[in-house]
Amino acid sequence: MKIGIYGGSFNPPHLGHLAAAESAARYLELDRLMLIPAGIPPHKQLSADAPAPVHRLAMTRLMGAQIELDTLIPVEVSDMELTREGKSYTSDTLRLLHERYPDAELWLLMGTDMFLTFHLWHAPEEIVRHAGLCAFGRTERDGEEVFAPQRAFLGEKFPGCRIVTMTLPNLVEISSTELRAGMVSGESEKMLAPQVYGYILREHLYGTNLDLKHLTIPQLRPIALSYLKAKRCAHVLGTAATAVKLAEKYGADAHRAEVAGLLHDCTKKLSMAEQLALCERYGIVLDELEKKALKLLHAKTGAALARDVFGVDDEIYNAILWHTTGKPNMTVLEKVIYLADFIEPTRDFPGVDTLRRTVWEDLDRGLLMGLEMTVEEMQEMGSPIHVNTLTARDYLRGKENEGKA
Ligand code: DGI
Ligand code: FE
Ligand code: FE
């Protein structure tokens, strides 16, 4: 098994780290990548505005999940250096990882600067005993010209050490110092994974100070993504975009549709225990089925979180609240969110195209079709159907018959 190890301050983790990690992971054909934020970096002090370790860990997790999605290589983010006393020496980390994975082939990933000063690190001989070095140049000038002599030098100094160097010509060099300085103006957004930028805004890091209850859509969008698993981001963006179009066609408020679309699954990734903690906190009462069906809970907790954190109004709150089951006599906005969630472009299930066509022809007929499909799927899977799903369907069936009468 080949394991790549990429340490750093990750203050914050940015697109330079992401691109380098992805290229190196593919190049080395890693079976696994570990990202390890440093507790106390040995070679330089953390900046004065560095967020608390939990935040650097959370941001690194968000970036790691994106790398995993992009490369399909499992990524683990370890807090082993954050929880260790004293300076975060790589030699200590590698000794521990070698103990944990005695048969694995370890590779230490690093940028050019680190590679060129490698012999000056703490206990470099111990590092190369456990791991090969993989250095990536980030600009054209740090290609072979600087790599070759250092490779030769290290090869002589540490006989037998494995060294791989690579140049990533398309990578722009990102200075973390400049990145932090451009955070308040918004200038730095383009150098960060959207969900990492959203996390920074939502936690008010690096001097940012947004009022979360009065966000514009461009501010809310990355913040909403910061709540999601990486693989759900495309679904949520698709839902928001589809909701806007449906709102425009069927006469709901397009801005509310976009906000509700962006936030509708904001608690989806939480575990049962975390869901129940939110229910406790927000005074949400659950029926017997909801107490067991994790998938039904996120609509209730999501609506409550959206109201508490982002101050959404009742119309948006209700659109999120009813987006999973539906209910009788829904508002246009509630229908729009329920159906946008169902037919957004990344959805792919038998019958989705028929459903899409129907929704665009007639909102209520689309809604009934969506509800019937849900009931049928639940029956096939042997899952209990929530009473709201059934009454929503029966209500529309009744309306249809009224129309025919
Ligand atoms: O959160 P999403 O996956 O985007 O979509 P969603 O909020 O509509 O959730 C879909 C899930 O919810 C799907 O796995 C089925 C489940 N679900 C929807 N209606 C019912 C239901 N589960 C039960 N047990 N009963 C229902 O009536
Ligand atoms: Fe949902
Ligand atoms: Fe959804």
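Predicted model: local features only at pLDDT ≥ 70, side-chain atom pairs only at ≥ 80, totals over all residues.
Tutor: Residues are numbered from 1 along each chain as its sequence is written, chains are lettered from A and ligands numbered from 1 in the order in which they are written, and side-chain values use heavy atoms, with hydrogens and water left out.

Student: What makes a residue a donor of the iron ion (ligand 3)?

Tutor: Donors are N, O and S atoms within 2.8 Å of the metal (3.2 Å for Na, K and Ca). His 235 (NE2), His 264 (NE2), Asp 265 (OD) and Asp 341 (OD) lie 2.1 to 2.2 Å from the iron ion (ligand 3), so they count as its protein donors. Along the chain their spacing reads H-x28-H-D-x75-D. The pair His 235, in helix 10 (residues 233-250), and Asp 341, in helix 16 (residues 332-343), links distant parts of the chain, 106 residues apart. Helices here are DSSP runs of H or I with at least four residues, strands are runs of E with at least two, and both are numbered from the N terminus.

Student: And which residues coordinate the iron ion (ligand 2)?

Tutor: Asp 265 (OD), His 298 (NE2) and His 323 (NE2) do, at 2.1 Å. Their spacing in sequence is D-x32-H-x24-H. Here too a pair joins distant parts of the chain: Asp 265 sits in the loop between helix 11 (254-263) and helix 12 (272-282), while His 298 is in helix 14 (residues 294-310), 33 residues apart. Keep in mind that water is not among the atoms, so sites may look incomplete.

Student: How do you know whether Asp 265 is buried or exposed?

Tutor: Buried means under 20% relative accessible area, exposed over 50%, and partly exposed in between (1.4 Å probe, protein chains only). Asp 265 has 2%, so it is buried. His 298, with 3%, is buried for that reason too.

Student: What is Arg 393 in contact with, leaving aside its neighbours within four places in sequence?

Tutor: Contact means heavy atoms within 4.5 Å, and Arg 393 has such contacts with Leu 368, Leu 371, Glu 372 and Val 375. This arginine is in helix 19 (residues 387-404), and its 14% relative accessibility is why it counts as buried.

Student: Which residues come nearest to ligand 1?

Tutor: Thr 324, Arg 347, Pro 384, His 386 and Thr 389, of the 17 residues around it; to be near, a residue must have a heavy atom within 4 Å. An oxygen atom of ligand 1 is 2.6 Å from a side-chain N or O atom of Thr 389, and a backbone N or O atom of His 386 lies 2.9 Å from an oxygen atom of ligand 1. Asp 341, an iron donor, has a polar side-chain atom 3.1 Å from an oxygen atom of ligand 1. The protein covers 87% of the 570 Å² of accessible area that ligand 1 has on its own; such areas come from the Shrake-Rupley method with a 1.4 Å probe, and for residues only the protein chains shown count as cover.

Student: What makes helix 8 mostly covered?

Tutor: In helix 8 (residues 194-202), 8 of its 9 residues are buried. Their cover includes helix 2 (53-71) and helix 9 (217-225). After helix 8 comes His 204, with a positive phi near 55°. In the chain, buried residues make up 51% of the 405 residues.

How values were computed: Polar contact = N/O pair within 3.5 Å; in protein donor to acceptor, adjacent residues only side chain to side chain.
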